[in-house]
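Me: I am new to this structure and would be grateful for a close look at a single part of it. Please keep the explanation connected.

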Amino acid sequence: MLHIKESLNYHDEFINERYFQWQTPTSTSQNTERGKGIIFNEARGVKLHLFVRKYREIDGKTDPYIYIGNGNTVEYTGEKPITVKIKLEHEIPANLYKEFTIKI
């Protein structure tokens with residue numbers, strides 16, 4: 001059984017083909033410049049680029065990240081970590097969405 005330290009067990013996931021939920025590092029709070037840059041990214045001119053991977057490691061090899069594209073924060077809650085809902089500029093292709101959401 002794989003045990004992940006709770007502080008590293010982020011709840012990042014695709015909500016659908018257009019929205020992604022992401023949690024910031026546990027040291028990020030809403031009142032820091034980094035936190036404000038994430039939650040008010042569009043107003044501050046901060047580009048959010050989304051890179052994802054399904055698994056940390058497969059067969060002893062680090063799984064590479066895949067670039068999904070840009071997005072903007074549309075909702076946020078919490079502190080350390082902040083949970084943000086990101087609206088992607090473009091829907092991800094259906095086959096890629098299935099790859100990231102179907103558990104095998």
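Reply: Not counting residues up to four places away in sequence, leucine 88 touches Phe14, Glu17, Arg18, Leu50, Ile68, Asn70 and Gly71, where contact means heavy atoms within 4.5 Å. The model is predicted, so local features need pLDDT of at least 70 and side-chain atom pairs count only at pLDDT 80 or more, while totals for chains, interfaces and linings use all residues. Residues are numbered from 1 along each chain as its sequence is written, and side-chain values use heavy atoms, with hydrogens and water left out.

Leu88 is among the residues with the most contacts inside the largest nonpolar core, which has 15 residues. Such a core is a set of buried Ala, Val, Leu, Ile, Met, Phe, Trp, Tyr and Cys residues joined through side-chain atoms within 4.5 Å; buried means under 20% relative accessible area, exposed over 50%, and partly exposed in between, with a 1.4 Å probe and protein chains only. Helix 1 (33–39), strand 3, strand 7 and helix 3 each give two or more residues to this core. Helices (H or I, at least four residues) and strands (E, at least two) are DSSP runs, numbered from the N terminus.

Strand 7 (residues 83–88) runs antiparallel to strand 6 (residues 66–77), and six bridges join them. Five strands make up an open, antiparallel sheet in the order 1-2-7-6-3; two strands pair if DSSP finds at least two bridges between them. At the edges are strand 1 (13–14) and strand 3 (48–52), each pairing on one side only. Helix 3 (residues 94–101) packs on the sheet and touches strand 1, strand 3 and strand 6.

Methods:
Axes are lines fitted to C-alpha atoms, for helices over the stretch in contact, and angles run from 0 to 180 degrees between N-to-C directions.
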